[in-house]
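Let's take a walk through a protein model together.

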Amino acid sequence: MTPPNASALAARLRLPNNLKSLLPGFAVSVVIAITAQFLSEHYGAPAMLMALLLGIAFHFLAEEGRCVAGINVTSRTVLRFGVALLGARISVDLLIGLGAPLIALTIAGVVLTILFGILGAQLLGRGWRFALLTGGSVAICGASAAMAIAAVLPKNEHSEKNLIFTVLAVTVLSTLAMIAYPVITSLLGLDPLATGVFLGGTIHDVAQVVGAGFSVSEETGETATLVKLIRVTMLAPVVLCFSLVIRAKGEADATGDERPPLIPSFVLAFLALATINSIGLVPAIVSEFLGDVSRWALLVAIAAVGMKTSLRSILDVGGQAIVLIVAETVFLAAFILIGLHFLA
């Protein structure tokens, strides 16, 4: 006999009773993720972008057939698992070394970019869900933040296409920034420290931050990566704040009479791993391994998200969405540059 708490857990995770029904959809997502990684390593294309585009090409698998259940669970549960493991990359010691003024500038950039997104969405006639999704992804860590935020936003008929658009947009913008921003910092005559802070404080995805930073110099790359980790650290408190506000407004998704958890379990896992890592209980090799597992989980999840979304639905998002996410990107870059000028 199945224990009552097991059935409740299955309902919360939205898992079918027969786990075998999940294997086809999960396996397809893994194959797409491996293919995307291969293309990334051999042709230099962002792995997230490749997984997304390949997933969209296999959208028909998510409409009907044996893969539907596995794709649905992979796009949700594996996604949250990957976000939770990001906490293993966070360490307080790394953050202290940067200094209070630059940490404050980075955190202010995250908060103000989200607020700018909310204001911009109102001016452009977009909903608050889209504002939090795009603002948070631009402010924090691109596609990873978009998927984490989408996990706590209440669902509607636009949720899937908004997520896929945001992941696609921040990945493309991050790639463009990886090329353009080092040129901008050179033209502005920024020193290696300021260049690293600018690159780490503005480029959306971690991989592009690393690429841009170390293309300038080793010192710039290390600083850029550290600043980027500060933004990644903001993921848990931002998602927690979003979750609490949504819950307080009565907008949170719920099943029947069951209220959603006060703090999502993947946020708690993120914070727990970050805490354990900060006090030195996680060996470096384990932290690196968990970081790799996190990256692969997110890659598999984004492949599944891509399969759940049709190309036509992306095109239906509208021009205001493009204007908003570009404006958020420009705002963040301008704010960090102005802040560096005054701190200098």
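Start with the big picture: the chain has 344 residues, and 50% of them count as buried. Keep in mind that what you're looking at is a predicted model.

Now think about who touches whom. Take the contacts between residues at least 6 apart in sequence: 81% of them join residues at least 24 apart.

Time to zoom in on one helix, H3, which covers residues 47-57. How many of the eleven residues of H3 are buried? The count is eight, so H3 is mostly covered. Those buried residues are Ala-47, Met-48, Leu-49, Met-50, Ala-51, Leu-52, Gly-55 and Ile-56.

One of the partners of H3 is worth a look. Two packed helices are described by the angle between their axes and the distance between the axes. H3 packs against helix H9 (residues 159-188) at an angle of about 140°, and the two axes are 9 Å apart. The crossing of H3 past H9 is left-handed. On the H3 side, the contact uses Met-48, Leu-49, Leu-52, Leu-53 and Ile-56, while H9 brings in Ile-164, Val-167, Leu-168, Thr-171 and Val-172. Sort these by class and you find nine nonpolar residues, one polar and no charged ones.

Now hop along to another pair: helix H7 (residues 128-139) and helix H8 (residues 143-152). Their axes cross at roughly 145° and come within 8 Å. What is the handedness of this crossing, left or right? H7 and H8 make a right-handed crossing. Here Leu-132, Leu-133, Gly-136 and Ser-137 of H7 meet Ala-145, Ala-146, Ile-149 and Ala-150 of H8. This contact splits into six nonpolar residues, two polar and no charged.

Last stop: the cysteines. A disulfide is a covalent bond between the sulfur atoms of two cysteines. To count as one here, a pair of cysteine sulfur atoms has to lie within 2.5 Å. By that rule, the model has zero disulfides. Are Cys-67 and Cys-141 buried or exposed? The cut-off for buried is under 20% relative accessible area. Cys-67 has 11%, so it is buried, and Cys-141 is buried too because its relative accessibility is 4%.

Conventions: Residues are numbered from 1 along each chain as its sequence is written. This is a predicted model: local features need pLDDT of at least 70, side-chain atom pairs count only at pLDDT 80 or more; totals for chains, interfaces and linings use all residues. Side-chain values use heavy atoms; hydrogens and water are left out. Buried means under 20% relative accessible area, exposed over 50%, partly exposed in between (1.4 Å probe, protein chains only). Axes are lines fitted to C-alpha atoms, for helices over the stretch in contact, and angles run from 0 to 180 degrees between N-to-C directions. Helices (H or I, at least four residues) and strands (E, at least two) are DSSP runs, numbered from the N terminus. A crossing is left-handed if the near helix is turned anticlockwise from the far one by less than a right angle, and right-handed if clockwise. Contact means heavy atoms within 4.5 Å. Ala, Val, Leu, Ile, Met, Phe, Trp, Tyr, Cys and Pro count as nonpolar, Asp, Glu, Lys and Arg as charged, and the others, Gly among them, as polar.
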